[in-house]
Amino acid sequence: MPAIGSIRMALALLIPMHGVVVFAGFFAPYDYAEQHRDYPYAAPTGIHFKPLPYVYGLKGDSQEDRTRVYALRFFIRGRFFGTDPPGHVFLLGTDGYGRDIFSRVLYGGRISLATGIVATGWALAIGLLWGVTAGFFGGWLDAVMMRGAELFLALPWLYLLLAARAFLPLHISPVQAFLLLVAIIGSVGWVRPARLIRGLTLSLVQCPYVEAARAFGGGPVYLIRRHILPETRGILLTQATILIPYYILAEVTLTFLGLGVGEPVPSWGGMLAEARQYHTLVTHIWMLTPGVATFLTLLGYVHLADVLQGRRDPVR
Amino acid sequence: MRYLARRLLHGAFLLVGVSVLSFLFSDLAPGDYYSELQSDPRVSAATLAALRTQNGLDRPLPVRYATWLKSIGRGDFGYSLAYQGPVGPLLAQRIPGTLLLTGLATALGWLLSVPLGIWSAARRRSWPEASLKVILSVLLSIPELLMAIALLALAVQTGCLPAGGLHSPGRADALDALRHLVIPVTVLTLGLLPILVRHVRSAVSEALDAPFALAAAAHGIPWRRLLFRHVLPVAMNPLISLFGLSLGSLLSASLLVEVLTGWPGLGPLFLDAIFARDYAVVLGVVMISTAFLIGGNMVADLLLYRADPRIRG
Amino acid sequence: MPPEPLLTVRGLSKTFHQRRWWGGNAPDITALEDVSFTLDRGRTLAIVGPSGSGKSTLARCLAGLETPTSGEIRFSGAPVEMQLIFQQPAASLNPRFTAAEVVEEPLVIQGRGWRADRRRKAELVLEEVGLPASVLDRRSQLLSGGERQRLAIARALVVEPRLIILDESIVGLDVGLQQQIAGLLIDLQSRSSLSYILISHDLDLAAGLASEIAVMDHGRIVEQVPAAGLKTTASHPLTRELIAAAKVLAT
């Protein structure tokens, strides 16, 4: 049965999400660290239409003050939307420090999405190199490499991730943390692409046209570059759509547990960690938005992966 | 028999490999349990050195590995500096928790997904099946993190289920423990379901499309018999392999859920040890989880061996 | 003093050791045993024999795809001037390559000339095999079987070889195409004194194209005779069997 929807549907979800996150500086009305100590745990600001959108002022206990009206403006102060001070527009309310959740979700997405994508690139690079080398040269090198790769599958992935993180310094700068995270996350999950690519390489190496090129004097580098690499595109693409959501989730989980990129850089995982105070959470359900954002991102990628998979094996 | 012996050898190789790698890795780690103390001005360098020597942290790597290996052989998993006691009992205390959780989730997951998968395979190209696919995709995309937090918040709100831990204060009976199990097991099972149902559906689908099944159906064999006597045994092979493959995800999900719900399994122990830099415990948990995964795969291999005559040669 | 032969093969042997590196050995396979022959410029040698007689191994050793266990191969020319055309030449072309890329590949690997030069050579060589220059930008998988055959030959020609080894290359073709290609090969030979080693299990084809025929069995050359008058001069029992099985010769 053909996959429901098409690539367009998945992209219709993914591209806006990524776009909005990449351009968080424009789409977010507030900076991620901007605190409004007068309005902790504020509820989402209601937007009213008359017909132009406007908001009411907020009182200390986050109740609407109908005496003060502020128009919702667009392209104000270099941002997509906002209001004149002292008005506030907290689309998704605020957290314990009075920071706008909507803005933080947008900025926070940067780390999660960036980690997911960069780590995928890293994992696929390793997988490609490993798989092509093992498949091309065969013999004992192949056996050793693939057995070695299996060691990475011997641990459940989260245990491996945490163990790798454990053995590295706990308190590091956000930049270091990001790079570290990418390296560690990428080291979980390169094995499957490597195997697939190895299989492909093994079968290609035996193709007559590769042998012919070898007979003309083609060396390993030429043969790999010209005859094998172009064929790996398909695998790399499908694996990317599978790995990216996996890795985004890994980053969110690690940061949630306190082992990822830390303050002051916002991230979905960190925000969810703040949401763990359940008594506050029940009355401030919007604090779960980062989780919803993660969910939507994953949904887009899962759907994309499904469609691509459906294209490779049409009869299911 | 040779097949099984080879699988066992393979598992042992993996265990040894992981142990070497983890040991190497832990050695690369800057700092150890006493590093935090280094910044404390009240503790002199000499004291630190003495503490380290006392705990054998200053001996060369191969020596430490050999010592560790020998003690493992005796069943001694090292000494936890954080808990000030042997690591073995710590692990033993937490293992049942994880096993219970993962075991229940596995059982429940398979119990639900096999019928669902079969139904889904039988009713391909129909609207109910299409909506199931959508629901499953959505379920697959919901992070367990989110599910757990949401359910726990709900539990706190409604008060009908406890929000974490193993027992409510003052109670130690099985019924209470059961109530505490509901949320963790639900989250784990819901996380497993999409993956399992998909695979069951595709395995049964493939078997249904196979020539032998079509021929049997053409012969007029009733559907139920066709399913149970002909199709399911063939679909077994990929499903048993799936069991082995999904084990890793399950254990990982369990780690997270245990930490979130405060369930006394290996997860919280692991996390605490990481923050405390208690490497003996970290190593111990790594080895145990590897052993679980390898063990689970061995069980799958064994089942495959029994179920699939082609493997027996 | 007669000119030195183009190719001299002496005592060529190849044994495949099958190793299982987890212990235990499979029996060795002796594919070639003490093979010797010479080939002059502008001549065609056919090597015939049943399957498994080592013909393909011989071709691969000559082309450099396998290293002989012992023996000597002396070729008066650069290694690249000895070209191999495979069985099913159509499969020996990368389906994603354009015809131009296929033909130019040996030049690219050898690092010869700029893009414009390569293109010109490609056009020249296509002309020689009777293909229009318009196929150059078509993907090889879109060409017909016959066109691909010719393309494979063109590819071998682009480096101006002195010797072309055809490993069962034209054997499986339909008769019309076979005749065409055979005619092309003879034509090329007369124009540039190209030498061929034709490997085949089809004695008719061999007798038609070659001036000399070597018969192989189990890795050895059991008989080597001129093609003319084969029926009368051949003495080895295997040769007589092959002659009897051949359609044209037997009559």
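User: Which chains have the most contacts between them, among the two pairs that touch?

Analyst: The model is predicted. Contact here means C-beta atoms within 7 Å. Two pairs of chains touch, and the pair with the most contacts is chains A and B.

User: How many residues of chain B and of chain A are in contact?

Analyst: Several helices of chain B each supply at least two residues of the side that touches chain A, including α1 (2–28), α8 (174–209) and α10 (223–261). By class, this side has 32 nonpolar, twelve polar and three charged residues. The contact joins 47 residues of chain B to 38 residues of chain A.

User: Which helix gives the largest share of the side of chain C that touches chain A?

Analyst: This contact takes 17 residues from chain C and 14 residues from chain A. The chain C side has ten nonpolar, five polar and two charged residues. Its largest share is four residues, from helix α2 (residues 99–110) of chain C.

User: How far apart are the nearest C-alpha atoms of chain B and chain C?

Analyst: Chain B and chain C do not touch. Their nearest C-alpha atoms are apart by 12 Å.

User: Which element of chain C has the lowest mean pLDDT?

Analyst: Chain C averages a pLDDT of 85, and 94% of the residues score at least 70. Strand β3 (residues 44–48) of chain C has the highest mean among its elements, 91. Where pLDDT is low, the predicted coordinates should not be read in detail. The lowest mean, 65, belongs to helix α9 (residues 247–250) of chain C.

Terms used:
Residues are numbered from 1 along each chain as its sequence is written. Chains are lettered from A and ligands numbered from 1 in the order in which they are written. This is a predicted model: local features need pLDDT of at least 70, side-chain atom pairs count only at pLDDT 80 or more; totals for chains, interfaces and linings use all residues. Ala, Val, Leu, Ile, Met, Phe, Trp, Tyr, Cys and Pro count as nonpolar, Asp, Glu, Lys and Arg as charged, and the others, Gly among them, as polar. pLDDT is the predictor's confidence in each residue, from 0 to 100.
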